[in-house]
Amino acid sequence: MVIYMGLLAILSIPFWIVTGIVSLTINTKREYTHYSRFYGRYFSLVLRYACFLAGVRTRVNGRDKIKDGENYLFVINHRSNYDPMILAGELSRNPIAFISKPGNFKIPIGRRFMHRCGYLALNRENPREGMKTIKRASDMMKETDFNTGIGVCPEGTRNFTEETLLEFKPGCFKCAMWAKKDIVVCTAVGTENVHRNYLRRRTKVVIDILEVLKYEDIKGLTTIEVSDRVRDIMLKRLENKD
């Protein structure tokens, strides 16, 4: 397996050189106002390839529940750094800009694509600034604005505990409520094994698109009630993995 992965890494060098060159065409000082299909699709390819090199083999269930090109609020559990990477990479027909921690915007090459594709850094130390980010994400979901879907991990941080899910941060659901968009509830199973399997064996990951909560069905609920409903849907799947 180590030899196989080493050969893959060597063969991937031309791809990463080209990707680096493409990334240099992105001006990180510029505030882009619209989603770019070219950079979005290219970044999805980069994410899928990076996961492939890490030994991830993904199966996605429930693709038929979402419409291609539609903007949603995608929510997923958070066991690994690979959760948002895999989801955004696999659902390339639905643009997803994740709300992420500031540290991820220091990743070489990736930070440029994240900037161009509308990813947002969340200041978790300053609630007021954090709410500004949520408001910006809500605006970006509108077709008249940046025109992209938004991705969030409502637990707020990776779950390293024995608990199935951490407590949710209800504020993130304001993205969908303010934008009047549907919420796509997803789960990832197996991503916590990627790092420990790296260079040893492949890691099977299953992404389940469980349910699409229509805005019309939840518009009368508070964000706490929406959060509880989403969490219950995720728990039902994660506690019955078979």
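This is a predicted model: local features need pLDDT of at least 70, side-chain atom pairs count only at pLDDT 80 or more; totals for chains, interfaces and linings use all residues.
Let me begin with a term: contact here means heavy atoms within 4.5 Å. With that in hand, Leu-235, leaving aside its neighbours within four places in sequence, is in contact with Thr-164 and Leu-165. Residues are numbered from 1 along each chain as its sequence is written, and side-chain values use heavy atoms, with hydrogens and water left out.

Staying with Leu-235, this residue is found in helix α10, residues 223-238, where helices (H or I, at least four residues) and strands (E, at least two) are DSSP runs numbered from the N terminus. Leu-235 counts as buried because its relative accessibility is 16%, buried being under 20% relative accessible area, exposed over 50% and partly exposed in between, with a 1.4 Å probe and protein chains only. The C-alpha atoms of Leu-235 and Asn-77 are separated by 9.8 Å, although the two residues are 158 apart along the chain.

Is Asn-159 buried or exposed? Asn-159 counts as buried, because its relative accessibility is 1%. Not counting residues up to four places away in sequence, Asn-159 touches His-78, Arg-79, Thr-164, Leu-165 and Leu-166.

On a 1 Å grid over the protein atoms alone, a cavity is a set of points where a 1.4 Å probe fits but cannot get out, whereas a pocket is an open set with protein on both sides within 12 Å along at least five of seven lines, and lining residues have an atom within 4 Å of a point. Grid points are joined across faces, edges and corners, and a volume is the space filled by probe spheres set on the points.

The largest pocket has a volume of about 1100 Å³. Its lining has 37 residues, of which His-78, Ile-99, Ser-100, Lys-101 and Asn-104 are the closest to its centre. By class, that lining has 23 nonpolar, 10 polar and four charged residues, with Ala, Val, Leu, Ile, Met, Phe, Trp, Tyr, Cys and Pro counted as nonpolar, Asp, Glu, Lys and Arg as charged, and the others, Gly among them, as polar.

The second largest pocket has a volume of about 230 Å³. Of the 13 residues that line the second largest pocket, Ala-50, Leu-53, Ala-54, Tyr-82 and Tyr-198 are the closest to its centre, and by class this lining has 10 nonpolar, three polar and no charged residues.

Helix α3 (residues 37-53) gives the largest share of its lining, four residues.

Finally, the cysteines. How many disulfides does the count come to? The count comes to zero, a disulfide being a pair of cysteine sulfur atoms within 2.5 Å. The sulfur of Cys-51 is too far for a bond, because the closest cysteine sulfur, in Cys-153, is 13 Å away. The sulfur of Cys-153 is likewise too far for a bond, because its closest cysteine sulfur, in Cys-172, is 9.2 Å away.
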